[in-house]
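Thanks for sending this one over.

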Amino acid sequence: MRIFIAGDSTAADYPSGQAPQAGWGQALAAFLDAPVVNAAYPGASVRSSIERLGMHDRIMSEIGADDVLLIGFGHNDGRHDQGRFGAPYDAYTAGLRRYVEDARSRGARPVLVTSVERRVHDGSSTHGEYPAAMRALAAAARVPLIDLQAASARRWRELGAAATKDLFLWLGPHPNYPRGSADDTHFTAAGAIEVARLLLEEAGPPLPPAARTPADLTWRTPMPVWSIDARSGERRKEHGTATPQEVGAVCRRAADLLPVLDEAGPRGRAALLEAMAEALDARAAGLVAAADAETALGEARLTGEVARTSGQLRLFAEVLREGSFLDVRLDSADPAATPPTPDLRRMNVPLGVVGVFSASNFPFAFSVGGGDTASALAAGCTVVVKAHELHPETSALTLDALRAGAVAAGFPEDVVQLVHGREAGTALVQDGRVKAIGFTGSVRGGRFLHDLAMARPEPIPFYGELGSLNPLVVTPSAAKARLKEIADGVAAAATLGAGQFCVKPGLVLAPAGSGLAEAMAGHFTALDPQTLLGDSIRSAFTEGAAERSSIPGLRTVATGRTGADRQVAARLMAGPVSLLGSSELLLEECFGPMTVVLEYAGEEDLAEALAAAPGSLTVTLHSEPHETDLAGRLAALARDRAGRLVFDAYPTGVTVGWAQQHGGPYPATTTPATTSVGTAAIDRFLRPVAYQNCPPPLLPPALRDDNPWHLPRRHDGTLVLPGATR
């Protein structure tokens, strides 16, 4: 016999990072010799456990004959958020009934458990009609009932306020709770043990008798994430991963701090971003050393990336002071109009908590302190970052810098928080307090998380940058006029940073017989062995190169120098453009130091090949001034395939500014109407709200007649700049 538990935070298991908090299910396992399978999850209601959390399905996939299922919900079922609400005698009862019937159909024995009482001074029930609804279902469906609500209420009254305080999570400053805790819902180990004892006392025959009474409990230790030296493969430092419960606590804290950022206003948040930038710059040497060890990207490149990252923060401070990001629009009332028009005032407001997934290839600019974080904070959103497993130490050090900047600016340090581990990433996307996700990574990983975000009861925006081929086109006249210049430029762009840039040109379209691939060959053969970011990326590159080498008609033009086992050789491949008709692989990104040159015979071949290219971040066009008609046709095709068109230059080097666009049609990004670089990135984390006929005292400052924030505003269709009069 096994004992399964479906329930909420009061029953859940907790990891060592949340000790001494414990749930009664965690304690129950210490009383019994029978195995306990505890599926309880913090924040769960019976509805969310079925529709959102997958708890019901996991239990039903494992439970079998003679197993016992304890079904204990009621704490969260009255909450109108995160898809949790179920009326006591409607959806709540229906959810409980589904657990009962599905357990019985598998030969298991369901037992209903009313919710344990909170610590209240007068002994009154805090669960409304939910315990009564469960009791009624137990009687009607002839299900054994453990009335834990009534038993615990009696016990708390017997013990009194002072004694029960020791059972609940009332703590002074503690290593896991630096600010202490005053919690009348959740338990310490002593409280969890007492509730489990009550449950066994009330249960009778459905549960085996206690084999022992534990004096204390043990807590799970999550598997760590290791910082790995990219060059040697040696382990450097261990970082603890976050459990779903811990992610939930982090997200709760982030949601609690949203009013702090909102009340600070644009100028207060500008000061926050500038303080964070100063903290990053002050710690640049240590940050670069850690990132170089973890990524092998080199001190020069990483030093520049830290400067770019702090520069992004300062740029968004400028955006906040300038004010147009709020997009304030005022329409005056006109009672004489037919029909009469009301007073309407519209502005942008923050979305809420934002989850950010760090990129592997930019440990600063697209990671903990990168553009997603900067633009979200600027918008007024708190941020929870999921660290990339290839640079956990860099992530932790960057977080320390950002938090130091926050404190220096007078803000709580938790306006930015960090979690490690893949399970934590999944929990972050699923947490109902998170209102948007920023992601930079692979097509496979990004698409999984995107679909997870869309499958939530409340789907949320998922701003993912996934994979980009970034075609580069060379016209016949450009090849004749600038062959060596173009060959050198393309080869350098394709191998910059070991080919691990998101805008690397992975497909080059050149005229047949131009000799472009041969002109590029010398650059590739001279390249030293390349160290990639991590083992998984190296394996994917090696596999991708081998797959392309096996395509009939595609030849290897040049190979870089070979090195140690942890290094790869750069590859240059070429063939006729007709290969696109026989291999879709040539239209997929191969992340690493490789590019493919395909040769076209004429303008129609070229146009057809460009039209076949998938959505990309960039398309680059090299042409000559007299080729206006051809260049115009290609530019029109490129506009529909990419977010940034580059002319007679190279796509690497993404300037951070007011006019930048870093996005494109799928699979480059999941939301091509947005950008992750430049000032417009803030738009992703804002939503508009209109105030109709709002009394003046209730208007936010941005919408008041006196314009105290000195914002540019559009009044009855006319743009009015600060200080100007209409």
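1. Let's begin with D535, which is partly exposed at a relative accessible area of 39%. Please keep in mind that this is a predicted model. The side chain of D535 meets that of R538 in a salt bridge, with 2.9 Å from N to O. R538 has 15% relative accessibility and so counts as buried. Because the two are 3 residues apart in helix α19 (residues 535-549), about one helical turn separates D535 and R538.

2. E393 and R236 meet through their side chains at 2.3 Å, N to O. E393 belongs to helix α13 (residues 392-408) and R236 to strand β9 (residues 235-240), and the pair is 157 residues apart. E393 is buried, with a relative accessible area of 15%, whereas R236 is partly exposed at 34%.

3. D184 and R119 form another salt bridge, at 3.0 Å from N to O. This pair also links distant parts of the chain: D184 sits in strand β7 (residues 181-187) and R119 in the loop between β4 (109-113) and α5 (130-141), 65 residues apart. Here D184 is partly exposed, with a relative accessible area of 26%, and R119 is buried at 11%.

4. How many salt bridges does the count come to? The count is 42 salt bridges. Some residues are linked in a network of salt bridges, namely R155, E158, E194, R197 and E201.

5. On the surface, you will find a patch of negative charge where E543, E547, E584 and E588 gather. E588 lies in the loop between β22 (571-576) and β23 (594-600). With 43% relative accessibility, E588 counts as partly exposed.

6. L145 counts as partly exposed, at 30% relative accessibility. The C-alpha atoms of L145 and A203 are separated by 7.6 Å, while the two residues are 58 residues apart along the chain.

Key:
Residues numbered from 1 in each chain as written. Predicted model: local features only at pLDDT ≥ 70, side-chain atom pairs only at ≥ 80, totals over all residues. Heavy atoms only, no water. Patch = residues over 30% accessible without salt bridge, like charges linked within 9 Å, V, L, I, M, F, W, Y side chains within 5 Å. Areas by Shrake-Rupley, 256 points an atom, 1.4 Å probe, with all protein chains shown as cover. Salt bridge = Lys/Arg side-chain N within 4 Å of Asp/Glu carboxyl O. Lys, Arg positive; Asp, Glu negative; His and termini not counted. Charge placed at Lys NZ, Arg CZ, Asp CG, Glu CD. Helix = DSSP H or I, 4+ residues; strand = E, 2+ residues; numbered from the N terminus. Buried < 20%, exposed > 50% of the residue type's maximum accessible area, 1.4 Å probe, protein only.
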